[in-house]
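Here is a short report on one protein chain.

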Amino acid sequence: MSEQALRLGTRRSKLAMAQSGQVADAVSRVTGRPVELVEITTYGDVSRENLAQIGGTGVFVTALREALVRGEVDFAVHSLKDLPTTQPEELALAAVPVREDVRDVLVARDGLTFEQLPDGARVGTGSPRRMAQLNAYARSHGMSIETVAIRGNVDTRIGFVHAGELDAVVLAAAGLNRIGRIDEVTDFLPVDTVLPAPGQGALAIECAADNADLVAALAELDDPYTRAAVTAERSLLAALEAGCSAPVGAYADLLADGQIVKEMRLRGVVGTTDGSTLVQLSTTGPVPETHDQAMSLGRELAAEMLAKGAAGLMGERAL
């Protein structure tokens with residue numbers, strides 16, 4: 001008698017199905033049990049409203065979490081950057097697997113890079129974080145671009161470029177990698193130019209906190225370095241969110257001396273969407289060995305950013 005299949009709750013989008021399929025294979029390997037995908041429609045999938053207006057991060061996550069709590073699925077896969085920064089007690093963040101490429105990328109007409117965009121180029125993104133940094137970069141390099149707020153899946157967004165409505169769109173490298181469309185990228189934006197969203201490129205595997213066997217099995221897929229990095233990034237976001245509503249970029253990476261990892265560097269940015277004011281700081285410390293150490297790295301940098309005027313920028317919720 002074969003063991004009962006584990007039910008994996010997933011959003012229906014092409015990207016969600018792709019990343020859930022990859023996790024399903026990995027979970028099957030570590031548990032020896034078959035995994036079936038259970039498609040769940042979330043409010044973020046059906047609403048055409050601007051993400052910032054319908055509640056930002058949680059809109060893609062709530063329905064999956066409700067299905068977990070009700071026992072309709074055994075575990076769920078989220079894009080980590082979609083998760084609200086507070087973790088519900090009844091759910092365990094059982095694994096954060098090795099992270100994909102964290103960078104944002106440009107898909108532009110005629111194979112253009114960001115630097116090659118013509119004056120007044122229309123660049124589409126749904127993210128105030130990207131707008132703030134792209135506008136600031138353009139400004140500092142004597143370029144003039146117009147950022148245009150867009151929504152929709154990858155096909156829809158790249159379609160705006162093919163249709164000639166936009167000169168370029170900015171997307172996450174990780175998503176394009178997972179759906180096999182990375183060859184459409186015309187420019188990879190270095191993290192020095194655009195800091196990613198906290199947790200970008202990482203997945204979160206969640207299950208009921210009281211299912212100890214499943215928590216333990218899923219933990220085999222956890223990557224401690226990725227977990228420490230995204231914990232620091234999300235701690236920075238949570239601390240800034242308390243003091244501001246502006247777009248936040250954050251990235252923690254490991255600084256190595258040869259083969260030996262010595263330190264973790266955390267960089268954060270917050271600014272106005274027109275790019276006229278950015279507060280960008282970084283801090284470096286020992287690689288966090290506990291959840292609390294990773295959290296405090298984020299909180300310390302957030303405090304410095306708020307002291308440098310981050311809170312003052314943030315009165316406006318730019319939509």
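Of the contacts (heavy atoms within 4.5 Å) in the protein chain with a separation of 6 or more, 71% join residues 24 or more positions apart. The model is predicted: local features need pLDDT of at least 70, side-chain atom pairs count only at pLDDT 80 or more, and totals for chains, interfaces and linings use all residues. Residues are numbered from 1 along each chain as its sequence is written, and side-chain values use heavy atoms, without hydrogens and water.

The chain holds 10 helices and 13 strands, taken as DSSP runs (helices H or I, at least four residues; strands E, at least two) numbered from the N terminus. Of its 319 residues, 52% are buried, meaning under 20% relative accessible area with a 1.4 Å probe, protein chains only.

Helix H5 (residues 154-162) buries Val154, Arg157, Ile158 and Val161. Seen down the axis of H5, these residues fall within an arc of 90° (directions from the axis to the C-beta atoms), so they line one face of the helix. Their packing partners are tabulated here.

| Element packed against H5 | Residues |
|---|---|
| Strand S5 | 104-108 |
| Strand S8 | 168-172 |
| Helix H6 | 173-178 |

At the start of H5, a side-chain oxygen of Asn153 comes within 3.2 Å of the backbone nitrogen of Asp155. Gly164 follows H5, with a positive phi near 80°.

Conventions: Buried < 20%, exposed > 50% of the residue type's maximum accessible area, 1.4 Å probe, protein only. Polar contact = N/O pair within 3.5 Å; in protein donor to acceptor, adjacent residues only side chain to side chain.
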